[in-house]
Amino acid sequence: MKLTKKILLLAILFLPLKAGAVDIDMQEYLFGHVGDSYGWHITTIKGHPVSVNLPVIVRSKTSGWHCFSSRHISEGETYEGFRIAAKGEAHEGKLVEVMPSGELVKPLDISITKNVAGLMFNSLLVVLIILLAARWYRRHDATQEAPKGFAGVVEMLVTMVEDDIIKECVGKDYKRYSPYLLTAFFFIFVNNLMGIVPFFPGGANITGNIAITFVLAICTFLAVNIFGNKHYWKDILWPDVPIYLKAFPLMPAIEIIGMFTKPFSLMIRLFANILAGHVMLLGVVAVVFLTAELGAAMNAGLSVIAVFFGVFMDVLELLVAFLQAYVFTMLSSVFIGLSRQEPETE
């Protein structure tokens, strides 16, 4: 499956850039959709783009803080000395300050970009989901009545994650880590689902952004290493191996490297799988336009195939959205469980 994704991605990137009367820059098309931006494009009506203008918040080294709407720089204009760096320039695609000498300098940028806005919305959505489910329990006696509908679905997911993943992998003190692991599961799951939704406020590539997966991996790294017991650290710094391996600290060095490779694998796995899924969907859609110059019959035939294949892949992405949340939570639980193990002699 991974090999198929790589082959399809390479094929898409090297497809002809001209399709009939429409010139398509595939690199800009693909990474423009999965990348971040200072505005949130919704649609185009009669040639006019409809977008949500987000706030740009930057600090210049010479003129201090600036806050303005992204509409002022949406078409490449310079506003208050700032603009988006064009293709081929330094800091391409990022907001830069144009100095009097013409030099482009990257300021301190804390703007509310598309991914940040999507992250805020999805986080509020996670909170709303939990509060709506909790509302049912405040109004009903769960010992006498089973939840139905929305609350029942949430309870099913919570029970599945806690009983099948957290309890089994972490061990006896699993309740200590349940809040974090359940939050991680629902956060990733909701963001994965919203990333598939093709219309506003969906479509933001949150979990396909390596900065987001990096923070999630750091949270697991801290949970493992801050709350790891003495036996965990003993196995790392003074493992039960022959004395010559302790004199020459090969095993401790390997274990210390493993402390960092585990969260690194969490970060890359989630980022790569979600990003690959989005790129494949966009590539299938692009086939409709890239085959326009092949004639009406060929274009119509390939377009029908592309539509059916796109629908199939979109349904498959629903499964991937759940699986990636499940896998991240399971591996985090395993790593936390390994840090809480007791010696077999006790």
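pLDDT is the predictor's confidence in each residue, on a scale from 0 to 100, and a contact here means heavy atoms within 4.5 Å. This is a predicted model, with residues numbered from 1 along each chain. Local features need pLDDT of at least 70 and side-chain atom pairs 80 or more, totals for chains, interfaces and linings use all residues, and side-chain values use heavy atoms, leaving out hydrogens and water.

Over residues 1–21, pLDDT stays under 50, and the model has 25 contacts beyond four places in sequence for this stretch. Where pLDDT is low, the predicted coordinates should not be read in detail. For the protein, the mean is 84, and 90% of residues reach 70 or more. Helix H6 (residues 210–226) has the highest confidence, at 95, while strand E1 (residues 18–19) has the lowest, at a mean of 42.

On to the helices. H3 (residues 114–139) packs against H4 at about 110°, with the axes 9 Å apart, which makes the two roughly perpendicular (65 to 115 degrees). From H3, Ile-129, Leu-132, Ala-133, Trp-136 and Tyr-137 meet Phe-150, Ala-151, Val-154 and Glu-155 of H4.

As for the rings, the whole structure holds 13 aromatic pairs (Phe, Tyr or Trp, its six-membered ring, with centres within 6.5 Å). Tyr-177 and Phe-227 have ring centres 6.4 Å apart and planes at 75°, so they sit edge-to-face (over 60 degrees). Tyr-177 is buried at 4% relative accessibility (under 20%, 1.4 Å probe, protein chains only), whereas Phe-227 is partly exposed at 37% (between 20% and 50%). Elsewhere, ring pairs join Phe-185, Phe-186, Phe-189, Phe-322 and Tyr-326 into a cluster.

Note on methods: Helix = DSSP H or I, 4+ residues; strand = E, 2+ residues; numbered from the N terminus. Phe/Tyr/Trp six-rings, centres within 6.5 Å; stacked < 30°, edge-to-face > 60°. Axes fitted to C-alpha atoms, helices over the stretch in contact; angles between N-to-C directions. Parallel < 35°, antiparallel > 145°, perpendicular 65-115°, else oblique.
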